[in-house]
Amino acid sequence: MTPTIDTSIQVTDQVINNDPRAAINRANAQHSTGPRSIIGKQHSALNAITHGLTSQSPVLPAEDPAAFNRHTQDLFAEYKPKTPTEKQLIKELADTSWRMNRIPFLERDILMLSVTLPAGSINVDVPDLQTCRAVEDALRRQERLLASLSMHGHRLSRQFHKTLDKLREIQADRRETEERDLKRAAGILELHKHKGIPYDPAEDGFVFSKAEVETCSRRLIHLNEARHVEHVRFYAGPHIKKEAQTL
């Protein structure tokens, strides 16, 4: 765009002597409205795209915080964390996946800009040099943005799966420890029942309630009985089956 000079502005001798171009530039700036051509507007739109994939906050100002909170709560409901470490890992999963889910929409917006030129807007037979340069610059800008999104997408995907693997590992170890301790508490409970004395799991340092221990004890008894019946019915010899029927 060729700038115009506002001749109504009076430039003093002092300004002319010091820096005449500064006054002229200020006058021209008042008439600047940004790019007017379609190519120029497309290039400007590309400059305005910010991905926010490395920002401190996972939620951009244009995004819905309530939707992000629902996204986070869904992950908490799925993985049911019990320790501060597990909760922290799930928060990281929520932040990372939220950013990952933004990438397809950013790619769509960038690609949509490449089809905004109406037919006949560029004379391909006698292209203007400035137009050609603007198109080339816009396409290169588009390619850089798409390459950057692809790079961030791979990085976020690796980060997400690494965090998920760590969460699953920690939760598997926790569940294994809980199951082992719960079986031990159930064994002690049955010992106290045999002796006819009450039992409080906290006395032995267990964090389970008495109801949880009793439920585990019943489950173990039923499983043991089921294994015995399974062995007799399906795996024992005929004489064992006959003896079992007479009992």
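Predicted model: local features only at pLDDT ≥ 70, side-chain atom pairs only at ≥ 80, totals over all residues.
H4 has 15 residues, and from its first C-alpha to its last it reaches 21 Å, which is close to the 21 Å expected at 1.5 Å a residue.

Let me turn to the faces of this helix. The buried residues of H4 are Ala 67, Phe 68, His 71, Thr 72, Leu 75 and Tyr 79. Looking down the axis of H4, we find these buried residues within an arc of 140°, so they line one face of the helix.

Now the two ends. At the start of H4, the backbone nitrogen of Ala 66 has a side-chain oxygen of Asp 64 within 3.1 Å. Just after H4 comes Lys 80, which takes a positive phi of about 45° although Lys 80 is not a glycine. Most residues other than glycine have a negative phi. Lys 80 sits in the loop between helix H4, residues 65-79, and helix H5, residues 84-113, and because its relative accessibility is 56%, Lys 80 counts as exposed.

Finally, a word on another helix, H7, which covers residues 210-235. H7 has 26 residues and reaches 36 Å from its first C-alpha to its last, close to the 38 Å expected at 1.5 Å a residue, and its buried residues are Val 213, Cys 216, Ser 217 and Val 232.

How values were computed: Residues numbered from 1 in each chain as written. Heavy atoms only, no water. Helix = DSSP H or I, 4+ residues; strand = E, 2+ residues; numbered from the N terminus. Expected span 1.5 Å × (residues − 1). Buried < 20%, exposed > 50% of the residue type's maximum accessible area, 1.4 Å probe, protein only. Arc of directions from axis to C-beta. Polar contact = N/O pair within 3.5 Å; in protein donor to acceptor, adjacent residues only side chain to side chain.
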